[in-house]
Amino acid sequence: MNLKLKSHLPSEDKVLEKSPVPIEIEFCNVTKMYGAVAAVKDISLSVSRGEFLTILGPSGSGKTTALMLLAGFTAPSRGDILIAGKSVSDVPSYRRDQGIVFQSYALFPHLTVRRNLEFPLEMRGIKAAERAARVNRMLARVHLDEFGNRLPSQLSGGQQQRVALARALISDPPVLLLDEPLGALDRNLREQMQVEIKDLHKEFGKTTICVTHDQEEALTLSDRIVVMRAGQIDQIDTPEALYDRPKTRFIANFLGEANILENAAFKIESDVVPSSEMIAMLRPERISVNAHSAARREDADQRQSVSGTVEDMIYAGPLRKYRVRVGNAVLIAREHVASGQEVFRSGDEVRLDWLRSDIRFVAA
Ligand code: ADP
Ligand code: MG
């Protein structure tokens with residue numbers, strides 16, 4: 001991570017050399033077999049102290065297994081996991097000092113909110129007066145001061161998840177593990193909780209590993225994202241780099257929408273010469289849709305344009321999504337709705353154009 005930052009941000013070289021961020025967690029060639037199936041296959045990765053790292057991937061790609069290995073609920077078949085530089089292969093889960101939040105909240109149903117929060121403190125032998133003080137502070141922090149005496153079943157889903165987060169943080173562990181933390185919540189609440197999780201991360205600075213299959217959640221929350229596919233790591237990058245420069249077709253399609261320009265009827269113009277196994281990819285929002293007769297743009301010499309026929313237009317509030325037939329291909333273009341902008345309908349002849357520099361090449 002440090003090496004990578006150095007090569008991208010030369011101006012920060014000095015700062016990083018003076019105070020390198022220590023590595024908190026390392027996976028070293030970790031494999032987990034279930035019978036003949038490798039749930040996790042030879043993964044290596046390091047997480048810096050204080051980093052928010054998200055493991056993103058489709059269902060069954062090995063995300064939860066990776067997290068359970070880190071939590072010590074299951075042991076690697078091969079490889080090693082280091083926390084703060086030390087192998088944890090002989091450290092049982094209850095001694096790993098990690099706060100964990102599950103999708104299902106996993107609160108104690110027969111204990112009040114207050115008792116749920118006290119539990120990890122009791123386990124650590126913290127005295128009653130100190131426990132009460134910490135619980136009060138934490139309840140206030142997650143806006144649940146008035147709910148301390150309720151049972152989990154008397155709370156909404158969002159409130160239960162805030163209790164689960166508070167319980168994970170209250171013993172002040174250096175590492176926080178979140179497994180699909182917002183998976184059980186509806187869309188609006190999920191967005192609200194994303195902001196809360198981000199704020200808590202800013203405030204408490206815990207090294208956080210979050211598992212999700214939700215790309216938007218991963219893009220919103222993370223310093224870096226690890227994309228997993230079939231037990232292996234496809235790419236590790238910042239959200240922006242991953243979206244803008246995906247290395248594989250899988251990631252281009254998994255993270256947002258992509259036009260894969262394979263066997264297109266027109267020749268792709270690009271200043272980059274790709275190797276033969278690479279395919280051109282273009283994000284829908286990079287394509288602009290113009291009337292066929294529209295004047296050429298000022299930067300036309302940097303653009304490629306093609307003619308096509310609108311198949312359909314889908315209006316989605318702030319966006320219009322066009323599907324445009326160009327020869328044997330259908331390209332998707334997404335435009336922000338703006339005043340004075342021309343709107344096209346099914347059957348309209350249009351000219352699509354994009355900057356040649358917006359073409360990306362991904363591995364097939
Ligand atoms: P994800 O969290 O990405 O959905 P998991 O880590 O839960 O994926 O599972 C990865 C793969 O390992 C899947 O094929 C799953 O069926 C298998 N697997 C997970 N846990 C077990 C287990 N306890 N026993 C057998 N197979 C398992
Ligand atoms: Mg899972």
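Colleague: Thanks. What should I keep in mind about the model itself?

Modeller: This is a predicted model, where local features need pLDDT of at least 70, side-chain atom pairs count only at pLDDT 80 or more, and totals for chains, interfaces and linings use all residues. Residues are numbered from 1 along each chain as its sequence is written, chains are lettered from A and ligands numbered from 1 in the order in which they are written, and side-chain values use heavy atoms, leaving out hydrogens and water.

Colleague: Which residues surround ligand 1?

Modeller: Y34, A39, P58, S59, G60, S61, G62, K63, T64 and T65 (a heavy atom within 4 Å).

Colleague: Which helix gives the largest share of that shell?

Modeller: Helix α3 (residues 63-71), with three residues; helices here are DSSP runs of H or I, at least four residues, numbered from the N terminus.

Colleague: What does the side chain of T65 do there?

Modeller: An N or O atom in the T65 side chain is 2.5 Å from an oxygen atom of ligand 1. For T64, a polar side-chain atom lies 2.8 Å from a ligand 1 oxygen, and G62 has a backbone N or O atom 3.0 Å from one.

Definitions and conventions
A polar contact is a pair of N or O atoms within 3.5 Å; within protein, one must be able to donate a hydrogen and the other to accept it, and residues adjacent in sequence count only if both atoms are side-chain atoms. Helices (H or I, at least four residues) and strands (E, at least two) are DSSP runs, numbered from the N terminus.
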